[in-house]
Amino acid sequence: MVHEMEEPDNIKNEEGMENKSAKQSKDPKRKANDTVSDGGVLRPLKLSKKELFKAPTVEELNQLKEAENLFHCSILKMQMEELLKEVALSEHRKKLVDSFVQEVTASLQSVAESEIVELDDLSWLPGVEVPFLLVPLASKGKFHMEPPASIDVVGSYPLGTCIKPRVIVDLAVTIPASILHPMDAINQRYSRKRALYLAGLAQHLCFSESVGSLCYSCLHGNRLRPVLLLKPPGKDSSKVTLRIHAIPPPDFLKPSRFHPQKNNIKTEWFTGVAKKQQESSGPATPHYNSTVLGDHLPLSHLQFLSAISAQCPAFGDGVALLKVWMRQRELDQGAGCFCGFHASMLMAYLLSTHKVGKTMNAYQLFRNALHFLASTDLTESGITLARNPDSKAPSLQDFQAAFSVVFVDPSGHLNLLADMTAFTYKQIQHEASLSLKFWDDPTVDSFQALLMTSKAMIRTYDNVFQLSELVNLQASCKKLSLLNELMDHSGNYVLSALPFILSLLQRGLGERINLLAHSLPQDPEWPVDSAPPMHKDQPPLNIGLMLNLEQALSVLEKGPPADNPKADEFRQLWGSRSELRRFQDGSITEAVLWSGNSTCQRRFILLEIITHLLQLHADIPESCVRLVGGQLDDIIKVSKEMGTTGEEESLKVVQSYDDLSRKLWQLEGLPLSITSVQGAHQALRYTQVFPPVPVKLLYSFFDKKKNQLGLVPRKEKPCPYYITPIKVIVHMEGSGKWPSEHLAIRHIKAAFHISLGELLYKHHNYTCHATPAYLDVYKDGLAFRIQVAYHREPQILRESLTPEGMLIYRENAEAQALELETQHKPFLTSTLHGLQQQLGCFGVVCRLAKRWLASQFLLEYIREEAADLLVASLFLHPAPFTPPSSPQVGFLRFLHLLSTFDWKNNPLIVNLNGKLTAAEHTDIKNDFVASRESLPTMFIATPTDKKVSVWTKKAPSVQMLQRAVMLAAESLHVLETHLIDSSQKQDIRVAFRPPLEDYDVLIHLVPQQVPLLAKAVDPPAITFQKGTFRGEPSASGGALPVIDYDPVRLYLSELRDAFGDLALFFYDPFGGTVIAVLWKPTAFEPQPFKTSLMNARRVDVSGDVATTVPNIEAILQDFRIIGEGLVKKLELRTEKWAV
């Protein structure tokens, strides 16, 4: 049986150059920019009136009917058709393949005969290695070379299911019967002769001019089935790979010899230890048997599939879609994969059992295949293609006793999925059911999600654990007594131990996880003059976990009562960690307690469980197990001493706010009653990068204000600890007493601030400070900034009188800003607070995303609210994934979304609370397309903001969004490479360090005056006293601290006011010690002399014309003067511009 394994990595038009000239000649008048504007925005194609109103043909009517009945929309049908055209082989490529196959076939038919030698004698093979691990070394038998008995093209190419971009054509070379012996079935004799014959072919082809490159590999990770990979010479080397299989004559060995319960590897031969008593038969070797039997069947399988595909015109296209789907999920290559051959066989099964109709189109076949995979558990009840198996064929029960997954071929003797683990099939089932769910959701772009998005393991699973130094699995096989499995897998200790290790982890993790999956050991490739790689040389094994967040972070593993028979089983599983415990309900049970006081620490419980189980039961040392991505927690740790990532601190802030809210509601003595108290700060939705931490103030560090209530910074001291004001909006009831003039409303609000402050001090002893714009309240060591709001104020700000005395409404920036602060922001905060309650990982992913944006100088351009909505979309619309349940996977998906989303042509719709219907989704998209040129570069729509995108209205600009996209793509690549490659030094902070090479001037700051210095990506070793000391702050009373004092932000504000027309200023607000300056492109252009436009410019006189240019020396001097005491030095990149 020869399998296919050629699917697209990412669907690309590899043959663009091949077809380009043909397309141009067909339609010379049509230009490429007919449908795309200069900015890359899609526009409708313009047709003449005659073409527009032409009556549809019968074929077009049939296609429209089909699209209406089968697809969500006609565009899905067109996308499918385009994809199938994209992956199909062109005529040019087919001619190249046919020519290459003919040349290689001709060369193979001239293989020279050699003398008969012992099987162990390799002296006749100079310059070429045998592609086989000769363990044990000795084996009986004779061997010689002869030309092939026959050469046949098999697999996907003659079947018509071969697809791009990795075009692999299978060539089955039949070994002459004279080389083989009827007893070759036992003790790897056939497999060794197969490998020797392949080595002889390789030696012969080394001198062939028609072959470009030559190397060995093995079929789907099976070392007993080596193959020879050939590529054509020259520029065509990437167009096709020819895979040569050596196979026996079709009926050489009887299939009954390879029954799953029979033994074909003798224990005495494999171990080298003679048995005292001769055993009639050893342990069954089902995997070895299926490997040898599989080599007998490729021609009959091709014949079977050809007959089936001839009955169904869409067979090839249906298989192609299924292969693309498998490829995007990394399920089609490696040991135990579901390759293209299996996809063809599955489609043949569905057709032969009438589960699909012969007249169905490719989409229907593909969808039915997914439905079958999702609903049929082949680990419980296998399926068979054999209609009338012979009397010696094994029963389905025999197959199920020997293999984890059962799918029997048409002969009735071979299990096609013999190498697949139950965990891989469960993964396929999960993916299929998830895909169907998204396919049935009209709001999801199912084509993009299911067929165009690659699902790398590191972005798919919440936790990925790496098992490195696989040589330790030898000790595992010994500990688990897996000699029979080792014999069955011919000494491959990785594949022998893997199912047992996975089952052990499944038992131990239990309800903590929803799914356990593993990477498939990939097919190695090595030169023909090199020995095959050892099993220990394989890359690390990745184990992916999909978490059940309700249980995953639990510190307690509660077992059965002490007198229950299952208690021994529990103790055996957990070893010394299990102990008897008495619980509050009076029960005494076995239990295991894991360490972890904070959420951050509890995220490592799964690592603790896995390392404990593997060490206890499989002798795998702790150093060999690594959690991928756990290092990201360090980026957002609140402090080194606390060791928390902010979840507990955020909860304290919310609890303190809830208490303040209650007390505000209970206040009596106000002229108008309070109608609502709403949080309007990111800390209250758990998304502030570093949530406020209550601190105890060291009064000697400060000077006191004259009124003795407040503190002020001392000039000679470092910048004091930064205290965040937590904004709270208090809406007062409507009344006829409210004035209708906006200045008067502000005076009323100021009076309310004073009144609220007095009442809070009187009833609760809170230190308060009232200003016309807000009221600061110091409570529990936190600063709350209360802002009184009147619901009609934005409307009043829009009112204006015409000279004729008419009242008109005009939109203005002041009204919009007020509406944003008092209405949109509180609503967003309460909605996202609710999202955090449902999906516990939301807040921490937001904080990682915003930490990255800040570190790359982007947080001022992509607002914090916009960043929160971007992350919310990952949780509410996760297709093709499930919602993230760990910080690292959420952050990686955020970078992927930012870097791959088509911001030019699509709005990002975030369906908060599920309020948008499918029809509203469509309306938003249609409105967006109609008004694209007047809308923001990044458009984010929500149920309350369908047409404006209030959070991205002013920023980012096109240039800043392009930079964000570029940085996100690069950061994602760097992070994924660092995280998954255990050989690299694990420094994930590299993705958070901004590239400073592109800037013109760097303003280095005095570290002592940077308020959040300890929160920097690379915090300094030396820290400075910030005016706080350890201890719990009092709940009320005390002096008012210095609130919201950030000298760097104030300095930046002054720089932008003074030089914003000449330069852009960038800064990381979380501990950055550099302000990066970029001159605007137009800054150095000479301007006509005007006395009103002389700011930071000097006069240049050329002849009679006076122009002005920027006075760079004076500007740089101003940078220093404005930032006196804060600026350490200026670093000029003068190679980029002239001073």
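Pro521 is buried, with a relative accessible area of 9%. The model is a predicted one. Pro521 sits in the loop that connects β11 (513-518) to β12 (526-527). Leaving aside residues up to four places away in sequence, Pro521 touches Gly221, Gly334, Ala335, Leu495, Gln538 and Leu541. Gly781 lies 260 residues from Pro521 along the chain, and the two C-alpha atoms are separated by 54 Å.

Arg963 is part of helix α33 (residues 958-980). The relative accessible area of Arg963 is 17%, so this residue counts as buried, the cut-off being under 20%. Its contacts, not counting residues up to four places away in sequence, are Pro995, Asp998 and Tyr999. Tyr761 belongs to helix α26 (residues 742-764). Here the relative accessible area is 51%, and Tyr761 is exposed because the class begins over 50%. Tyr761 and Val777 are 16 residues apart along the chain. Their C-alpha atoms are separated by 9.2 Å.

The axes of α20 and helix α24 (residues 605-618) come within 10 Å and cross at roughly 130 degrees. The crossing of α20 past α24 is right-handed. On the α20 side, the contact involves Ile501, Leu504, Leu505, Gly508 and Leu509. On the α24 side, these residues meet Leu606, Ile609, Ile610, Leu613, Leu614 and His617. By class, the contact of α20 with α24 comprises 9 nonpolar and 2 polar residues, with no charged ones.

Helix α20 also packs against helix α22 (residues 566-574). The angle is about 120 degrees, and the axes are 11 Å apart. The crossing of α20 and α22 is left-handed. From α20, the residues in contact are Leu504, Arg507 and Gly508. They meet Glu569, Gln572, Leu573 and Trp574 of α22. The contact of α20 with α22 divides into 3 nonpolar, 2 polar and 2 charged residues.

The crossing in which α10 passes α12 is left-handed. His301, Phe304, Leu305 and Ile308 supply the α10 side of the contact. Phe341, Ser344, Met345, Ala348, Leu351 and Ser352 supply the α12 side. The contact of α10 with α12 holds 7 nonpolar and 3 polar residues, and no charged residues.

Strand pairing was then considered. Strand β32 (residues 1063-1067) has 4 of its 5 residues buried, so the strand is largely enclosed by the rest of the structure. β32 runs antiparallel to strand β33 (residues 1074-1079), and 5 bridges join the two. Within this pairing, Tyr1067 has Ile1075 in β33 as its bridge partner. β32 and β33 form a hairpin, with 6 residues between the strands. Gly1071 lies in the turn and has a positive phi of about 90 degrees.

An open sheet of 3 strands has the order β34-β36-β35, and its pairing is antiparallel. β34 (1087-1088) and β35 (1097-1102) stand at the edges. Each has a single partner strand, so one side of each is left without a neighbour in the sheet. β35 pairs with strand β36 (residues 1105-1110) in the antiparallel sense, over 6 bridges. Thr1108 in β36 stands opposite Val1099.

Conventions: Residues are numbered from 1 along each chain as its sequence is written. This is a predicted model: local features need pLDDT of at least 70, side-chain atom pairs count only at pLDDT 80 or more; totals for chains, interfaces and linings use all residues. Side-chain values use heavy atoms; hydrogens and water are left out. Buried means under 20% relative accessible area, exposed over 50%, partly exposed in between (1.4 Å probe, protein chains only). Axes are lines fitted to C-alpha atoms, for helices over the stretch in contact, and angles run from 0 to 180 degrees between N-to-C directions. A crossing is left-handed if the near helix is turned anticlockwise from the far one by less than a right angle, and right-handed if clockwise. Contact means heavy atoms within 4.5 Å. Ala, Val, Leu, Ile, Met, Phe, Trp, Tyr, Cys and Pro count as nonpolar, Asp, Glu, Lys and Arg as charged, and the others, Gly among them, as polar. Two strands pair if DSSP finds at least two bridges between them.
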